[in-house]
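Please look through the sequence and the model below before reading on.

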Amino acid sequence: SVPIAASTDTTHTDTGLNANTTYSYRVSAQDASGNMSTYSSALLTTTENVATAYDIVITTSGSGSSINSGVFGLSMARAVKFKAVGLGIYVNESNSAEAMYANVNLSTLRFPGGTVAMAYDPFNDYGELVRFIDFAQDTNVNDVIYVSNLYSGTIDQTLYTMNEIRNAGLTIVGVELGNEIHLNAYRDLIPTVADYVSVAEAFRSAIETGNGTYSGFPGMKFGVPVGPSYKDSHAFLESWNASLSSAMSAGQLDVDAVIPHYYRQTQYCHSSNIASAFECAVNDMKSNGWSGEQSMEFYMKYMPDYYEDVFDVNEMWVTEWAVKDAHDLYGNTLWDGQHAFKQLLEFWRGNADSSIDVTHAHFQIGFSSLTNGWIMTEGAETPLEASDGFQKSTAYYAFDFADDFASGGKILN
């Protein structure tokens with residue numbers, strides 16, 4: 001024991017201590033004659049892990065959610081849909097591939113995902129559901145956003161699939177009531193907002209209560225797909241969103257979140273010459289992709305406020321986001337990886353500064369590819385890590401780094 005102070009007060013502040021270190025303190029009282037009491041029991045306390053000049057620390061402001069690793073997930077459209085024909089991501093066939101996905105600690109998986117969802121029939125394509133469940137279990141992802149087929153599917157199909165997922169020990173944390181239902185492709189059966197609201201509310205109600213054949217999901221959260229529009233740039237989508245908002249305000253459709261999708265378009269860069277396409281895409285990114293009106297920075301600055309103004313909800317699920325055709329144009333280069341990481345950071349920053357929270361953000365492309373996993377070597381195509389049947393994309397490393405970055409709040413102690 002080392003005496004550190006004598007004080008006539010009942011409190012004392014100890015300074016000059018080391019960070020993240022446990023110290024033990026005891027006190028003894030002294031009367032006017034100089035008699036000392038026995039020591040008190042020891043009090044253990046640990047100093048905070050204060051940042052050093054070598055730390056990278058994240059701070060946030062505003063009323064939105066702080067930075068965390070619990071937002072980012074994966075949309076399974078390509079991973080599951082194309083397995084049978086050997087494209088996209090091989091699911092449950094490579095132990096190292098499963099370990100790769102497990103390593104980034106995805107928060108949720110979206111199934112069936114994308115356009116695939118609007119044609120999905122579990123009674124005729126049960127194998128996709130089995131592969132999805134296997135993948136979720138093997139990669140330790142418990143939570144699922146389920147995309148209900150409101151276009152060509154039935155309530156029975158939705159409830160059957162959701163019950164199969166639940167019976168496999170997974171947790172459905174939200175239901176997406178159709179995928180991009182405002183698109184032209186669906187207007188033959190769902191031409192107006194009123195038609196959509198009628199179908200969506202019927203599905204929503206049955207999912208909560210069940211339908212006599214299949215059990216329901218009381219208390220389930222629901223999200224509604226909305227047009228990715230702002231500043232009156234798309235008259236139809238503005239009108240669709242306004243009509244949908246009116247129906248929600250009138251109590252015709254009860255949902256918890258709005259669901260926009262974000263794809264950064266790459267301008268007219270497709271070419272049979274890979275080197276030319278790559279150069280075009282890089283130049284396009286340099287000219288307007290980092291901070292222009294198609295960037296994630298611009299999206300996260302304006303879109304949350306737009307949806308907050310139009311819709312009376314507190315959550316936004318961005319269940320698809322990527323750079324459109326990125327893997328075709330950038331291949332497995334550092335441009336592709338830094339693109340993904342920049343968007344991750346802008347999601348975080350925008351989410352922290354907005355009063356509407358992005359609670360789910362699903363990367364649409366995936367972290368491995370058999371068809372687009374090339375790297376540039378003097379204009380030639382060169383495979384990257386294909387020895388065990390899959391290829392890591394550079395986007396994987398962005399997510400891996402971001403997971404470490406977010407889970408501890410900092411790196412490089």
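**A walk through the model**

Glycine 114 belongs to helix 3 (residues 114-117); helices here are DSSP runs of H or I with at least four residues, strands are E runs of at least two, and both are numbered from the N terminus. The model is a predicted one, in which local features need pLDDT of at least 70 and side-chain atom pairs count only at pLDDT 80 or more, while totals for chains, interfaces and linings use all residues. Residues are numbered from 1 along each chain as its sequence is written, and side-chain values use heavy atoms, with hydrogens and water left out.

Glycine 114 counts as buried because its relative accessibility is 3%; buried means under 20% relative accessible area, exposed over 50%, and partly exposed in between, with a 1.4 Å probe and protein chains only. Glutamine 338 has a relative accessibility of 38%, so it counts as partly exposed.

Helix 4 (residues 126-138) has 13 residues, which at 1.5 Å a residue should span 18 Å, and its end C-alpha atoms are 19 Å apart, in agreement. The expected span is 1.5 Å times one less than the number of residues. Which residues of helix 4 are buried? They are Glu128, Leu129, Phe132, Ile133, Phe135 and Ala136. These cover an arc of only 160 degrees around the axis, so they lie on the same side of helix 4; the arc is taken from the directions from the helix axis to the C-beta atoms. An α-helix has 3.6 residues a turn, so residues three or four places apart point the same way. After helix 4 comes asparagine 140, with a positive phi near 60 degrees.

Phe132 also belongs to an aromatic cluster with Phe111, Tyr120 and Tyr146. Rings of Phe, Tyr and Trp (its six-membered ring) pair if their centres lie within 6.5 Å; planes under 30 degrees apart count as stacked, over 60 as edge-to-face and the rest as tilted. By this rule there are 11 aromatic pairs. In one of them, phenylalanine 111 and tyrosine 120 are edge-to-face, at 5.5 Å centre to centre and 75 degrees between the planes. Phenylalanine 111 is buried at 0% relative accessibility, and tyrosine 120 is buried at 5%.

Arginine 187 lies over the face of phenylalanine 236, 3.8 Å from the ring centre; a charge sits over a ring if NZ of Lys or CZ of Arg is within 6 Å of the ring centre and within 35 degrees of the ring normal. Both residues are touched by histidine 182, whose other contacts include Val226, Pro228 and Trp240; contact means heavy atoms within 4.5 Å. Histidine 182 is in the loop between strand 7 (171-176) and helix 6.

The largest nonpolar core has 69 residues, and Leu177, Tyr196, Leu244 and Leu253 have the most contacts inside it. Helix 6 (residues 193-209) gives the most to this core, with six residues. Such a core is a set of buried Ala, Val, Leu, Ile, Met, Phe, Trp, Tyr and Cys residues joined through side-chain atoms within 4.5 Å. Leaving aside neighbours within four places in sequence, leucine 253 is in contact with residues including Leu177, Tyr196 and Leu244.
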